[in-house]
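Reader: I'd like to go through the labels on this one and ask what stands behind each. Can you take me through them?

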Amino acid sequence: MPHLNQIVGLDLGARHARAVWVQLRGGAPHIVRAEQMALPLEGGDAPALLRSWLGQLGLLKKFAAVQIPGTQLVFQPGRLNPEDPRTPRQAAEMELSTFNDMAGDTMASDVASHEWSPGVRIYVMGMARPAVIAEALAGLEPVGIRPADLVPAPVALFNALAPLAPDLSGAGLFVNIGHNQTELAIGTARGLLFARAFPMGGRQFTEAVARLAGVPLTQADKQKQREGTIEPGGPFAEALRPLAERWYSQLAACLSAYRGAFTGGQFGIARVVLSGGGAQLRGLRDYVQERTGLPVGLADELPGAAALAWGAGAGRAAGADPRDARPALGHFDLALGLARTALESGPATLSLLPEPLRGEVVFREKKPYLIAASVMGALTLGVVTASMVVSLSGETGKLDEERRELRRREQMDKSI
């Protein structure tokens, strides 16, 4: 992805749409604005609502960095030792050919890599069928957005939170619990080690409350946020606790895959960071800490989270509690990570945007400079041409004067 100076990260979720404007100042990303809108759980024309909201924000037909859910991708981590002469991309391409044979299709892919220790290189390859990429891009047309980058959600999550996490011995596990799925990433400030997602999120918990209370989803969602807990004996715990156990079993399966790929104490997980609306469920944080035996915190509590440059124009969701005027990192992390990835200002860069669309982004970004360069070139050519004409006119005058002098002398010779 070409290096841009400013971009909007647009997280179009199933429950909320969030936008974060980010600029690079002195090479560091700064948030200058943040906006969000709640989407209806039942009924409603979501594309029309999004289009109207984006129009109010001035984003219609504009470029923005968008996500592709991790549940639609395959992630393959790898490690190259010092004696391996291949580059991470060469190693990934060899594995990609195997996946292509298995899938019977040519997978779209990209690779994020870094040097873990002297000579030891780590890479994570993200793959998707071309039809999945095409469907993700087609979904942007009804809402009027042009993709500046197409970033896997786990990569965006990692780029938003990893730079803010404390530098402890070991890796961080970053988990975003969205409405329909959970995205997770593991790594350090040096780079990404592992990415995965599974199709379980806050919606399943809301549906459980709706069944138990016999109320519509919209009302159940409010009750879940206000009263819901997985603590034994608490409101709706009989419905929510089993779901929390099922959710954790899928998380544990991802952790098992990570430990199978990266053995050794140097790759041990030192902390867990939860974000997303689902992370606010009462008792979930303590439950994850109990099951993992690791310290568990929320994204909003990360060192540096409060010091982020939420510019003076940072917005607030319509109808949100006025006491919560500042956007919370735990809700805006994916949008922030999308922008940081597109700006190449995060520890991992991985994009699945097709190459022709990347060229369009480059052209649009550089268009003002290209136009200015063309104008300057035309002016320069005009000045040079005018100078040549003046110079040529002067030389022609001198030649005419010399011819007249020669004719005069010839006449004198004849008369003598």
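Author: Strands (E, at least two residues) and helices (H or I, at least four) are DSSP runs, numbered from the N terminus. This is a predicted model, where local features need pLDDT of at least 70, side-chain atom pairs count only at pLDDT 80 or more, and totals for chains, interfaces and linings use all residues. Residues are numbered from 1 along each chain as its sequence is written, and side-chain values use heavy atoms, leaving out hydrogens and water.

Reader: What makes strand S10 and S11 a pair?

Author: S10 (residues 182–188) and S11 have seven bridges in the antiparallel sense, against the required at least two, so they pair. Thr-188, for instance, has Gly-191 in S11 as its bridge partner.

Reader: Which strands does S12 pair with?

Author: Strand S9 (residues 171–177) pairs with S12 in the parallel sense over six bridges, and Ala-171 stands opposite Ile-269 in S12. Strand S13 (residues 296–298) is also parallel to S12, over three bridges.

Reader: Why is S12 called largely enclosed?

Author: Buried means under 20% relative accessible area (1.4 Å probe, protein chains only). Seven of the seven residues of S12 (residues 269–275) are buried, so the rest of the structure largely encloses this strand.

Reader: And what makes S11 and S13 edge strands?

Author: The open sheet runs S11-S10-S9-S12-S13, with mixed pairing. S11 (191–198) and S13 each pair on one side only.

Notes
Buried < 20%, exposed > 50% of the residue type's maximum accessible area, 1.4 Å probe, protein only.
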